[in-house]
Amino acid sequence: MSKVCIVYGSSMGNTEEAANLIANKLGVDDVYNIGQTDADTINGYEKIIFGTSTWGSGDLQDEWDSFDFDSIDVNGKTIALFGMGDSSSYSDTYCNGMGILFEKFSAKGAKIVGAVSTDGYTFDESEAVKDGKFVGLALDADNESDKTEERISNWVEQIRSDFA
């Protein structure tokens, strides 16, 4: 079995909560806050789930924003992404942070899995949408918290074989 971990950045706790729920449902023991880990730790894994919230006008969460992406080696590794956003107040930048991670990791040669249909979501624009789908799991703890657990469960089943 390949080594699997989850790495997240969370300012208010919502992304951390989602990361732990994903870990529980997927059976992953290694969960790291990006602000409390380093690239050497992350580079020791072959399969990684990355999560971030989106802040301000579509920016990465602070700890991600200050992280040295050049130090992370994801070339040829299997990656999945999840993001938190506010689809109501920031409907024009919904989950843009996840889109930023997608751009950075795909440019570094990662194999990104876990795209999710935009059906059932209400938002105006997102940098996390490519070819009509989110590049990963989009979540909204502010306006759609009642959908979080089901969305995570469905997504975990979708990516389970990639992270076995």
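The side chain of Asp68 reaches the backbone nitrogen of Asp70 at 3.1 Å, a polar contact in the sense of a pair of N or O atoms within 3.5 Å, where, within protein, one atom must be able to donate a hydrogen and the other to accept it, and residues adjacent in sequence count only if both atoms are side-chain atoms. The model is predicted, so local features need pLDDT of at least 70 and side-chain atom pairs count only at pLDDT 80 or more, while totals for chains, interfaces and linings use all residues. Residues are numbered from 1 along each chain as its sequence is written, and side-chain values use heavy atoms, with hydrogens and water left out. Asp68 lies in the loop between helix 3 (62-65) and strand 5; helices (H or I, at least four residues) and strands (E, at least two) are DSSP runs, numbered from the N terminus. With a relative accessibility of 45%, Asp68 counts as partly exposed, the class between buried (under 20% relative accessible area) and exposed (over 50%), using a 1.4 Å probe and protein chains only. Its C-alpha atom is separated by 22 Å from that of Gly13, 55 residues apart along the chain.

The C-alpha atoms fill a box of roughly 40 × 30 × 30 Å along the principal axes. Of the 164 residues, 49% count as buried. Among contacts (heavy atoms within 4.5 Å) with a separation of 6 or more, 75% come from residues 24 or more positions apart.

Helix 1 (residues 14-26) has 13 residues and spans 18 Å from its first C-alpha to its last, close to the 18 Å expected at 1.5 Å a residue, that is, 1.5 Å times one less than the number of residues. Its buried residues are Thr15, Ala18, Ala19, Ile22, Ala23 and Leu26. They cover an arc of only 135° around the axis, which puts them on the same side of helix 1; the arc is that of the directions from the helix axis to the C-beta atoms. The face turned away from this buried side carries the exposed residues Glu17 and Asn24. Packing partners of the buried residues include strand 1 (4-9), strand 3 (47-55) and helix 5 (148-159). Gly27, with a positive phi near 80°, follows helix 1.

The largest nonpolar core has 50 residues, and Phe50, Trp64 and Trp155 are among those with the most contacts inside it. Such a core is a set of buried Ala, Val, Leu, Ile, Met, Phe, Trp, Tyr and Cys residues joined through side-chain atoms within 4.5 Å. Leaving out residues up to four places away in sequence, Phe50 touches residues including Val7, Ile42, Trp64 and Phe105. Thr52 lies in strand 3 and is buried, with a relative accessible area of 0%. With the exclusion of residues up to four places away, the residues that Thr52 touches include Thr15, Trp64 and Phe82.

Val116, in strand 7 (residues 116-117), counts as buried at 13% relative accessibility. The C-alpha atoms of Val116 and Gly136, 20 residues apart along the chain, are separated by 5.7 Å. Beyond neighbours within four places in sequence, Val116 is in contact with residues including Gly136 and Trp155.
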